[in-house]
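Dear colleague,

Please find below the structure that I am handing over to you. My findings follow directly after it.

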Amino acid sequence: MQGSLVRDGSSVGRFHRVSTSNGQAGPEKEEGAAAVKVKPEGKCRRWFRRACPCCCRRQSSTYEVTYEVDGAKDTETPVITPEPPSPQPHTGDKEQEDLPLTVRSLDLLSLKTGQNRKEHHTDQYHSSGLVVRRGQTFQIELDLSRPFNLNTDKLHLELKTGPLPLVSKGTHIIIPLVEELQDLCWEAKIVEQNSNRIKLSVNSSPKAVVGQYALTITTWCPKSEAVTTYDPEKHIYMLFNPWCEEDTVFMDDEDEKKEYVLNDTGRIYYGTERQIGARTWNFGQFDEGILEACLYLLEKSDILPSGRGDPVNVVRVISAMINSPDDRGVLEGNWSGNYVGGTAPTAWSGSVDILKRYHREGGVPVKYGQCWVFSGITTTVLRCLGIPARSVTNFQSAHDTDVSLTTDVYFDEDMNPMNSLNSDSVWNFHVWNDCWMARPDLPPGMGGWQAVDSTPQETSQGTFRCGPASIAAIRSGQVYLKHDTPFVFAEVNSDKIYWQRNLDGTFSQIHSEKNVVGRAISTKAVGSDQRLDITHLYKHAEGSEEERIAVETACRYGSKPEAYSSPVAEDVNVEVKVDGDGLSMGGDAVLKFVVKNQSDQLRKTTLNSQVAVMYYTGVLKGTVKAEKLPIELKPNEEKVIDWVLPYQLYKDHLVDQAALMLTLSGRVNETKQVLASQTSFRLRTPDISIEPVGEAYVGKEASAKLTFTNPLPCTLRNVVVRVEGLGLRNLHPINVGDVIRHATVTVTEHFIPSLAGTRKLVASLDCKQLSQVHGVADIIVQESQ
C-alpha cells in the first residue's frame with residue numbers, strides 16, 4: 001500500500017538538493033487488489049478490544065507484506081485495518097479514535113545509505129545510531145497503535161542529554177508538532193501518513209548542544225484522556241554543522257569542507273625549514289568507536305553539557321583533554337627518549353588506536369606522544385564532532401616562557417651561551433591545529449581560522465591548554481584578545497634578542513634577529529598531498545612596515561616592552577649553508593660557513609662555533625663539538641669555510657628527530673659588531689618503500705611489500721614495523737628483529753580490504769636507534785567481482 005502525503009513535500013528538506021522520498025500521494029486502493037472481508041465483532045469482544053488493544057488485535061492475514069525503507073527491506077505480517085476515507089485529515093474509525101494512542105515502534109532511518117545520513121554528510125560514520133548535524137531537518141518514522149487524527153490527537157518528542165537534563169539549559173528539548181516548519185528552532189511536522197505509520201520531519205536548532213541524546217515520544221488522545229510515553233532506548237548523535245549558515249562553524253567552500261571535515265587521512269610536516277619532511281597520518285574520524293570515544297572526552301571533561309553548543313568552549317576543553325597532566329587526558333607526553341612501558345611517539349601513524357585504547361581502558365592516558373601526535377588526535381576529534389580542522393606545522397617555533405613576546409638568548413662576558421638562563425627556546429618545528437569558526441565573543445573580523453594547541457607547554461588559566469586564538473588577531477598583534485594569543489604570537493613572530501652579561505652582572509642587548517622565528521608554516525593543501533605554506537595567514541611579510549607594527553603592538557603588552565635596541569650598522573655577514581638535499585644519517589655532517597665583508601676595509605673576527613644535540617623542542621642535550629675559527633677578511637672579500645661534524649662524534653648522542661643546533665658567535669675587532677647566529681638542522685632518515693602486489697578487492701586478501709635500508713654502520717636492534725590503513729587493516733606490528741648495518745629488509749604484509757576506493761597503507765619504524773622512518777602507498781581497492 002502506498003503512503004498518502006499529509007502535507008506537500010516542500011518542507012521535507014531545509015537545504016538545496018534535498019528531495020522528498022515519496023513525491024505523490026498513493027491511490028486509495030491498488031488496481032486489481034482483492035477485497036479483504038473482516039468478520040463483524042460481537043459486543044463483548046469489541047468492548048474487550050477497546051479496553052486492551054494490545055492483547056486483542058484484529059485478525060491478521062496469512063500473507064506477508066515487504067516494506068522498503070532507505071533500501072532496507074522489512075517483512076512483517078500487517079494488521080488489517082479499514083482504509084481511511086480521506087488521507088488528510090484522517091478521521092478514521094470512531095471506535096478506534098476512542099482508543100488510547102500509543103507508539104508501537106520507531107524507525108530512526110539511520111541506515112548509512114539512507115536519506116538522513118546522506119543529507120547530513122554522516123554516511124561515513126561506522127555507527128548504528130542516527131548521526132545528524134544541527135540546524136538541519138531529519139526524518140523518523142513511527143508505527144502507532146491506530147491511525148493518527150490530526151484534529152484530535154496530540155504528539156510531541158523529547159530529547160535529553162547529560163546527567164541532569166534541563167529545559168532552561170538546552171539539554172532537555174521538547175519538540176512540538178507544528179503545521180509548518182520554521183527555521184532556527186526545534187519542531188516537527190508530519191510529512192507522510194500511511195495507515196498507522198507516520199513520517200516526521202524534525203528540525204533542530206543551529207545552536208543545539210552537541211552530543212548523544214535519548215529520545216522519547218509522548219502521545220495523548222483527548223477522548224480517552226490517556227497520556228503515554230514511548231521510550232525506544234535509541235539515541236541520536238547531534239554534531240556541529242559546517243553546511244548550515246546559521247551554525248558558527250559554517251564553512252562556505254565545498255572543497256574545504258571535504259578536506260577539513262570529511263577527509264580521514266592527511267599529512268603532517270616535520271624537520272627544519274630547509275629540510276621539510278612529511279608523514280601521512282590516519283585521522284580515522286569515521287572509524288568504528290571513534291565517535292563514542294570523542295563524546296566520552298566531552299563527558300570526562302569539566303565542560304557542562306549546556307556549554308557543548310559553543311565551539312569555542314568545546315575546542316578549548318578538547319585542547320586540555322588531549323594531554324594528560326591536569327585531567328588524565330588521552331595522551332601522555334614524553335620527550336626524554338626513554339619510552340619503556342609505552343610506544344615511541346615516532347611509531348604512531350594514526351589516531352584510531354590511541355582513542356580506542358583510551359576509551360576502552362576507561363580514561364587511562366596512552367603512552368607516549370609528542371606534538372605531532374597531539375595534533376593528529378586533535379584533528380581527529382574536531383573533525384569527528386563536525387568542526388573543520390587541520391594540522392599545522394610551524395618551523396623555527398619559539399617557546400616564550402616569560403610572556404615577554406621575545407625569544408631571549410644570553411651570553412657571558414666571553415660570548416659563551418649561558419644555558420642556565422636560556423629558558424626560552426626555539427623548536428625546530430612544532431605542530432598544532434587550526435580550527436574554523438566564527439568568534440562572536442571577539443570584535444568583528446576575528447572569525448575564521450583559530451589556532452589551538454593540545455601539546456602541554458604552558459598553562460592557561462591553570463590548565464595545560466592553548467586556544468582557540470584568532471589567527472587574524474595574531475597577524476595584527478592584537479594579543480589582548482582571548483584565548484592565549486600572546487603565546488601563539490611569540491611562537492610565530494617574536495624577535496630573537498641576544499644579551500651579554502656585563503662585569504657588574506647586568507645584561508646589555510647586543511644583537512637582535514627579526515626574521516628567524518615562524519618560518520614556512522605548513523599544512524596539507526586542499527584536495528592534494530602537496531604542502532601549502534600559510535605563513536602569510538599568521539603574519540605579514542617579514543620586515544614589512546605592517547609586520548613591524550604588529551610586533552611593536554604585541555610587545556607593548558609583554559613583560560619587556562623596552563627590549564628593542566637602536567639599529568646597528570653591520571658590514572660583516574655570516575651565513576650557514578647546507579648543500580643539496582641536506583645531511584644524511586650515518587655519515588659525516590658537512591656544512592659551509594659563508595662570511596662576507598661588505599666594507600672597503602680589513603675586518604678580523606673570531607667565530608666561536610658550538611654544536612649540540614637537540615630535542616626538536618629546542619632543549620639541548622649536550623655539546624658534541626666546539627671550536628674557535630679566526631677569520632681575516634680583505635675589503636669586500638667573501639670566504640667559504642667547510643665545517644665537518646664526524647659521525648663518530650654524534651652517533652652515541654642523537655635523540656628523536658636527529659636534530660642538531662649550531663651556534664655561531666663573535667665580535668668584529670675593528671667595529672665591535674656582534675656576530676650571532678643559531679642554525680638547527682636534522683639528519684635525514686630513509687623512507688619505507690611500500691609496493692602493492694597485484695590487485696586489491698573488497699573482502700579478498702591483498703598484499704604489499706615493505707622495504708627499508710638500515711643507513712647506519714651498526715646493527716639496529718629489535719626493529720618493529722607498524723602497519724595500518726583505514727579500510728585496509730587495523731594497526732599491525734611486524735617484528736623484524738635485528739637488521740645489520742646497511743642491510744635492506746623486505747617484508748610482505750597481507751590484509752583484507754573492507755572499503756573500496758583509493759586507500760592509504762601507512763608504515764612506520766619503531767626502533768630505539770632510528771626514528772622518523774615511515775612510508776605510505778595508495779592502494780586502489782575495487783569492489784568484489
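Tyr410 counts as buried, because its relative accessibility is 14% and the limit for buried is under 20%. Please note that this is a predicted model.

The ring of Tyr410 pairs with that of Phe507. Phe507 is partly exposed, with a relative accessible area of 29%. In total, the count comes to 15 aromatic pairs. In the pair of Tyr410 and Phe507, the ring centres are 5.1 Å apart and the planes stand at 80 degrees, so the pair is edge-to-face; planes over 60 degrees apart count as such. Tyr410 belongs to strand S18 (residues 406-411) and Phe507 to strand S25 (residues 507-513), so this pair ties together parts that are 97 residues apart in sequence. Elsewhere, Tyr260, Trp436 and Trp449 are linked into a cluster by ring pairs.

Next, I turn to helix H10. Helix H10 (residues 485-493) is largely enclosed by the rest of the structure, because eight of its nine residues are buried. Among these buried residues are Phe487, Val488, Phe489 and Glu491.

Finally, there is the matter of charge on the surface. Glu245, Glu246, Asp252, Asp253 and Asp255 form a negative surface patch. Of these residues, Asp255 lies in helix H4 (residues 254-262). Asp255 counts as exposed, because its relative accessibility is 52% and the limit for exposed is over 50%.

Yours sincerely,
A colleague

Terms used:
Residues numbered from 1 in each chain as written. Predicted model: local features only at pLDDT ≥ 70, side-chain atom pairs only at ≥ 80, totals over all residues. Heavy atoms only, no water. Patch = residues over 30% accessible without salt bridge, like charges linked within 9 Å, V, L, I, M, F, W, Y side chains within 5 Å. Areas by Shrake-Rupley, 256 points an atom, 1.4 Å probe, with all protein chains shown as cover. Salt bridge = Lys/Arg side-chain N within 4 Å of Asp/Glu carboxyl O. Lys, Arg positive; Asp, Glu negative; His and termini not counted. Charge placed at Lys NZ, Arg CZ, Asp CG, Glu CD. Helix = DSSP H or I, 4+ residues; strand = E, 2+ residues; numbered from the N terminus. Buried < 20%, exposed > 50% of the residue type's maximum accessible area, 1.4 Å probe, protein only. Phe/Tyr/Trp six-rings, centres within 6.5 Å; stacked < 30°, edge-to-face > 60°.
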